[in-house]
Amino acid sequence: MPALPPLTRHGPKEAQARISAGAVLLDVREDMELRIASVKGALHIPMGQIQARLGELDRTREIVCMCHHGMRSEGVAEFLRENGFTLVANLEGGIAAWTAEVDPSVPQY
């Protein structure tokens with residue numbers, strides 16, 4: 001199997017533009033984290049449930065993966081790519097960067 005091209009990474013403002021254009025923001029954080037801070041409209045599937053819930057994801061839309069700082073979501077993005085998803089990106093800096101650069105009303109934790 002040929003190697004995949006490098007993972008696409010979006011900063012918060014680019015991710016926001018992609019989401020506005022129709023991309024799905026996939027929040028892979030745990031339920032307790034979501035209760036502290038969330039981005040309106042994001043699809044929430046905790047990292048540990050991704051494999052079992054792949055059928056809930058639309059392969060025809062770009063998926064921007066997000067966690068707290070961007071490390072867990074990068075792993076999920078790579079997993080999605082390995083499973084045939086081609087329109088996948090990672091939100092660099094996670095929800096912490098989103099708060100700092102896009103929406104300061106989203107709590108930091």
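**Fold and packing of the predicted model**

Buried residues account for 42% of the 109 residues in the protein chain. The model is a predicted one. The protein chain holds 4 helices and 5 strands. Read from the N terminus, the elements follow the order β-α-β-α-β-β-α-β-α. The radius of gyration is 13 Å, close to the 13 Å given by the globule rule for 109 residues, so the protein chain is as compact as a globular protein of that length. Along the principal axes, the C-alpha atoms fill a box of roughly 45 × 25 × 20 Å. Contacts were then sorted by distance along the sequence. Of the contacts with a separation of 6 or more, 66% link residues 24 or more positions apart.

The strands were examined next. They form an open sheet of 5 strands in the order β1-β5-β4-β2-β3, and the pairing is parallel. Strands β1 (8-10) and β3 (43-44) lie at the edges, and each pairs on one side only. Strand β1 runs parallel to β5 and is joined to it by 3 bridges. Within this pair, Thr8 stands opposite Ala89 of β5. Helix α1 (residues 12-20) packs on the sheet. This helix touches β1, β2, β4 and β5. The direction of α1 makes about 100° with that of β1.

Strand β4 pairs with both β2 and β5. The link to β2 is parallel and consists of 4 bridges. In that pairing, Leu25 sits opposite Val64 of β4. The link between β4 and β5 is also parallel, over 3 bridges. Here Ile63 has Val88 of β5 as its bridge partner, and Val64 has Ala89 of β5.

Strand β4 is covered on both faces. Ile63 and Cys65 are buried on one side, and Val64 and Met66 are buried on the other. Strand β5 was inspected in the same way. Val88 and Asn90 point one way from β5, while Ala89 and Leu91 point the other way. All of these β5 residues are buried.

Helix α3 (residues 71-82) has 12 residues. From its first C-alpha to its last it reaches 17 Å, close to the 16 Å expected at 1.5 Å a residue. Its buried residues are Ser73, Val76, Ala77, Leu80 and Arg81. Seen down the axis of α3, these buried residues fall within an arc of 140°, so they line one face of the helix. The spacing can be read against helix geometry. An α-helix has 3.6 residues a turn, so residues three or four places apart point the same way. The buried residues of α3 pack against β2 (24-27), β4 (63-66) and β5 (88-91). Met71 and Glu82 are exposed, on the face of α3 turned away from its buried side. Gly84 follows α3 and has a positive phi, near 90°.

Two further residues were considered individually. Glu33 belongs to helix α2 (residues 31-36). Its relative accessible area is 7%, below the 20% cut-off, so Glu33 is buried. Leaving out residues up to four places away in sequence, Glu33 touches His68, Arg72 and Tyr109.

Pro107 lies in the segment after α4 (94-101). Its relative accessible area is 39%, so Pro107 counts as partly exposed. Pro107 and Ala37 are 70 residues apart in sequence, yet their C-alpha atoms are 5.4 Å apart in space. Apart from neighbours within four places in sequence, Pro107 is in contact with Ile36, Ala37 and Thr99.

Note on methods. Residues numbered from 1 in each chain as written. Predicted model: local features only at pLDDT ≥ 70, side-chain atom pairs only at ≥ 80, totals over all residues. Heavy atoms only, no water. Helix = DSSP H or I, 4+ residues; strand = E, 2+ residues; numbered from the N terminus. Expected span 1.5 Å × (residues − 1). Buried < 20%, exposed > 50% of the residue type's maximum accessible area, 1.4 Å probe, protein only. Arc of directions from axis to C-beta. Contact = heavy atoms within 4.5 Å. Pairing = 2+ DSSP bridges. Axes fitted to C-alpha atoms, helices over the stretch in contact; angles between N-to-C directions. Rg over C-alpha atoms; globule rule 2.2 N^0.38 Å.
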